[in-house]
2 protein chains.
Amino acid sequence: MTISERKKRFKEKLNYYKSLIDNFLSSLFQDGYIPQELISAMNYSLMAGGKRIRPILCYVWGKLLGGKESDILKFASSIELIHTYSLIHDDLPAIDNDDFRRGKPTSHKKFGEAMAILAGDGLLTEAFYLMSSCDLPKDRLLEAIYEISKAAGPRGMVGGQVLDVLYTGKNIKDGDLLKKIHSLKTGAMIKASCLCGAILAEADKSDLKNASIYGEYVGLAFQVVDDILNVIGDEKKLGKPVGKDKDLGKLTYPSIFGLDQSYKYAEELVNKAIEAIDGYRGEEAEFLRDLAWYILYRTQ
Amino acid sequence: MTISERKKRFKEKLNYYKSLIDNFLSSLFQDGYIPQELISAMNYSLMAGGKRIRPILCYVWGKLLGGKESDILKFASSIELIHTYSLIHDDLPAIDNDDFRRGKPTSHKKFGEAMAILAGDGLLTEAFYLMSSCDLPKDRLLEAIYEISKAAGPRGMVGGQVLDVLYTGKNIKDGDLLKKIHSLKTGAMIKASCLCGAILAEADKSDLKNASIYGEYVGLAFQVVDDILNVIGDEKKLGKPVGKDKDLGKLTYPSIFGLDQSYKYAEELVNKAIEAIDGYRGEEAEFLRDLAWYILYRTQ
């Protein structure tokens, strides 16, 4: 199979999974109890064309391990609400002060700062509202909520964002600190997404471990490539300005290790991710392998 | 029993419950996985001397109906993290722009806006992390997480805050709108706190209904008196400037109904709350009656 054939196979499957998540997300907030202005602000960011990597990973891991698809889809989609809230808050003037995201004005540019803060708060809380009402085995559902809140909170994403804020502009060339920030800020949620899919499929210990290892390496590789694309990427495809990390004095892989070494590191991480799922067969396993592999080829 | 004797009895019991919550809260974030700067910011607001009304209501309702005290205490205390996050975000320059809260500089004044946003995000997420790990009947625990996230999110507190932002300064004298804003912004979480205590105690339908009705009236009465105190209160006792609501053009009960009518309305609500728990006996029931009654006498 040629690289372009493999890319095609992967993209078709990715678009299929993405459409499942998009369909679910577009049906939210319609019960008549939420102020219309808040719905508009939440939907604006939620439906802005995200790649849906986290929910897709959760859903595909759940499917791979024999879980109840329809309710894992609900849980998986809720993860995207948490991801979206984190983008809205990160973009705020007091944090990254970004005017554009995915080619569109950021939430605070479109709706003002107050509404952007509250849309983020609303999405984060709504995620737990959706998760807690999934029709899944109750012990596993609580375990998954625990893992997601751990990965999203002070021990994960929020903690990583705090370190990012503290060290941005300080010009510290510390590779270990950089890895820690990324592992908390991006890695934790991607890892937890895979793990939760496995948890909700009532997987056994060894499958849980494989999901966790795969998710960890994929999450790290994804961030390394994100940093690389921020240096060499195409602004139009990325939908945001290139070179902004450098301008802000952010710690990035290319700024510490150089572009070549960063790319080699991403390759190494991807290989480890693929190794962790060596024992699985079927179309979901194939997709997970393709996804890890594709991280190295993505341009947006 | 004289009014001052009843006040004394209530305050002693209140302080006892408050100390249980404070003790639990002061033990949080110590597992070594959270950046120190974030712990400082979260603890600063969490330990700033709040009244702990929400967790106390949850705990006392749980105890009244025979729940497992130690784990209901954990769940109840988590509610205070959600309340604290909402205060931090409400105080932000883009929303209420408050410099003081409980006599101390607000979070963004002390730690800067970025850290205040993230401390709020961290507290909200940590609440679900704590809740999902309570050792309580799993079906009831999921039900309680569902009720709290519903009350805290777009269908409750966040929705109310959005309406507050949208209508502040517009000089609209609409009593129904005011009641809706308060019922979402404050009422929903106070009601859910009572309800969750009952849910976690595995109470039956009729007890759940009573907890819910009591919580609803207490929540509304509490907010009416808050508005009154904002007009006639003592700045030192309140720890924040008096008259600020009027300056900001906020909708308040006194501004629409006048002080006398507002006070009468609060009295009516308190009587309805006490009526809802008429059938209960014992020290917890006595405390819940005292608490409702005391709302009318509080000065801070």
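Modeller: Before we start, a nonpolar core here is a set of buried Ala, Val, Leu, Ile, Met, Phe, Trp, Tyr and Cys residues joined through C-beta atoms within 7 Å. Bear in mind too that this is a predicted model.

Colleague: Thanks! Which residues touch the most other members of the largest nonpolar core?

Modeller: That core has 194 residues. The residues that touch the most other core members are A:Ala221 and B:Ala221.

Colleague: Let's step back to the whole chain. What is the radius of gyration of chain A?

Modeller: Chain A is built from 14 helices and two strands, and its C-alpha atoms fill a box of roughly 50 × 45 × 35 Å along the principal axes. For 300 residues, a compact globule would come out near 19 Å. Chain A agrees with that, at 18 Å.

Colleague: What share of the contacts in chain A between residues at least 6 apart in sequence join residues at least 24 apart?

Modeller: Of the 300 residues of chain A, 52% count as buried. As for those contacts, the share joining residues at least 24 apart is 73%.

Colleague: And how many residues of helix 6 of chain A are buried?

Modeller: Helix 6 of chain A covers residues 113-132 and reaches 29 Å from its first C-alpha to its last, close to the 28 Å expected. The helix is largely enclosed by the rest of the structure, because the buried residues number 19 of the 20.

Colleague: Now to the pair of chains. Which element gives the largest share of the side of chain B that touches chain A?

Modeller: In this interface, 42 residues of chain B are in contact with 42 residues of chain A. The elements of chain B giving two or more residues to that side are helix 2, helix 6, helix 7 and helix 8. The largest share, 12 residues, comes from helix 6 of chain B.

Colleague: How many residues on that side of chain B are nonpolar?

Modeller: The residues of the side of chain B that touches chain A include nine polar and eight charged ones. The nonpolar residues there number 25.

Colleague: Which residue of chain B has the C-alpha nearest the axis relating the two copies?

Modeller: Chain B superposes on chain A by a rotation of 180° with 0.0 Å of shift along the axis, at an RMSD of 0.0 Å. That is the relation of a two-fold axis. In chain B, the C-alpha nearest this axis lies 3.1 Å from it and belongs to B:Lys138.

Colleague: I'm curious about A:Gly159. Is A:Gly159 buried or exposed?

Modeller: A:Gly159 sits in helix 8 of chain A. Not counting residues up to four places away in sequence, A:Gly159 touches A:Pro154 and A:Leu184, along with B:Ile34, B:Pro35 and B:Leu38. A residue with 20 or more other C-beta atoms within 10 Å is buried. A:Gly159 has 25 such neighbours, so A:Gly159 counts as buried.

Colleague: One last backbone check. What is phi of A:Glu202 near?

Modeller: A:Glu202 lies in the loop between helix 9 and helix 10 of chain A. With 16 C-beta neighbours inside 10 Å, A:Glu202 counts as partly exposed. Phi is positive in this residue other than glycine, and the value for A:Glu202 is near 55°.

Key. Residues numbered from 1 in each chain as written. Chains lettered and ligands numbered in written order. Predicted model: local features only at pLDDT ≥ 70, side-chain atom pairs only at ≥ 80, totals over all residues. Contact = placed C-beta atoms within 7 Å. Helix = DSSP H or I, 4+ residues; strand = E, 2+ residues; numbered from the N terminus. Nonpolar A, V, L, I, M, F, W, Y, C, P; charged D, E, K, R; others polar. Expected span 1.5 Å × (residues − 1). Buried ≥ 20, exposed ≤ 12 C-beta atoms within 10 Å, placed from the backbone. Rg over C-alpha atoms; globule rule 2.2 N^0.38 Å. Least-squares fit on C-alpha atoms with pLDDT ≥ 70 in both.
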